[in-house]
Amino acid sequence: MSTTAHPLAPYGWDEGFADSHAPFAARGLVPGRIVRVDRGHCDAVVASADGTGVRTVRADAAPVATGDPLRIMCTGDWAALDLTSGHVRALLPRRTAFVRSTSSKRSDGQILAANVDRAVIAFALTADPDLGRVERFLALAWESGAEPVVALTKADLVPDADTLAHLLADTRAVAPGVRVLAVSSATGEGVGELAALLAGGTGVLLGQSGAGKSTLANALVGEDVQDVQAIRDRDGKGRHTTTTRNLLPLPLPGGGVLIDTPGLRGVGLWDASSGVARTFSDVESLAASCRFHDCGHDGEPGCAVAAAVASGELGHRRLESYRKLQRENARIAARTDARLRSEMRREWKRRQAEGAWAAERKRGRLR
């Protein structure tokens, strides 16, 4: 059966994943896409027995459990499953992975979604978008390998067209090369345009709790598949409803799938140097004209970035945000390097101890 006719094609199955799965197919394992992970188990969509449709199965993830937080199974992964025993036997190589730092004080990363084509970052227009947070999400999205899209949700709460245009312009100014849409699940504004961007691929919805992600997911799917709650009267924010990451099929003719995620309180960078550079491509472009290649943009002579700030071409807030994310990413990278060095030292000591034990045992046998 060609991959174009494969029942899992609407979920993203293609020739590349088929090639990755070929060694497992030879062992009698079947491919499936993880649609939900829950307490050591997962729900995965697989081809039906007659090969004409799909079905969802429950599988034990113990065989692929690992102490590495970046290698654990997550929603969006493709897996090789043993349907007889009900186990996930292997995960196929990921094409993209959205990863954040779990804590500002630790060097662990947390993977939020895998094999995503577009990352939709939602910000509710119950208040002016936090531009620094927009930049932070964009850096992680670019680093993941997915194409970011910014959705300014609840646009119906901004009835004045000039005000809405101003909010869109401010957000677009900090998102070079990124599509920024005003979206309203209540009126349908922007939903069709967003659906067209997601058609045929895998999208993920990201944002803080109350950004309207679940309501937007329902609008894109065309039915109430995610629970939603009314906004709070005191601050206009939605209550947290989504507690797991769920992969949802999008309707035809566009098709594709969408991963809805719980609200994110913290969004720490994780090895996102190229993502930061892509997010601040305007600053990077100016920096290329600085007199010194290692210019810190802080009083050095011939600094093109400082000159742009002085002339008003580049905002001071934008430059400070760039510096902040660069410093944060450098700290995470340094802690990660230190952790890896520590792990290598422990492994070396373990092997050294095992070698000494084996040598003593060998000498004992020779006597």
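Arg 89 has 35% relative accessibility, so Arg 89 is partly exposed. This value, like the others here, comes from a predicted model.

Salt bridges were examined next. Side chains of opposite charge can pair when their charged atoms come close. The structure holds 12 salt bridges. One of them joins the side chains of Asp 14 and Arg 95, with an N to O distance of 2.7 Å. This pair links distant parts of the chain, 81 residues apart. Asp 14 sits in the segment before α1 (15-25). Arg 95 sits in the loop between β5 (87-91) and β6 (97-101). Both ends are partly exposed: the relative accessible area is 24% for Asp 14, and relative accessibility is 47% for Arg 95.

Arg 89 also takes part in a salt bridge. Its partner is Asp 82, and the N to O distance is 3.8 Å.

A further salt bridge forms between the side chains of Arg 179 and Glu 193, at 3.4 Å from N to O. Arg 179 belongs to strand β10 (residues 179-182), and Glu 193 belongs to helix α4 (residues 191-198). The pair therefore ties together parts that are 14 residues apart in sequence. Arg 179 has a relative accessible area of 41%, so Arg 179 is partly exposed. Glu 193 is partly exposed too, with a value of 40%.

Salt bridges also occur as a network. The network links Glu 135, Asp 282, Arg 317 and Arg 318.

How values were computed:
Residues are numbered from 1 along each chain as its sequence is written. This is a predicted model: local features need pLDDT of at least 70, side-chain atom pairs count only at pLDDT 80 or more; totals for chains, interfaces and linings use all residues. Side-chain values use heavy atoms; hydrogens and water are left out. A salt bridge is a side-chain nitrogen of Lys or Arg within 4 Å of a carboxyl oxygen of Asp or Glu. Helices (H or I, at least four residues) and strands (E, at least two) are DSSP runs, numbered from the N terminus. Buried means under 20% relative accessible area, exposed over 50%, partly exposed in between (1.4 Å probe, protein chains only).
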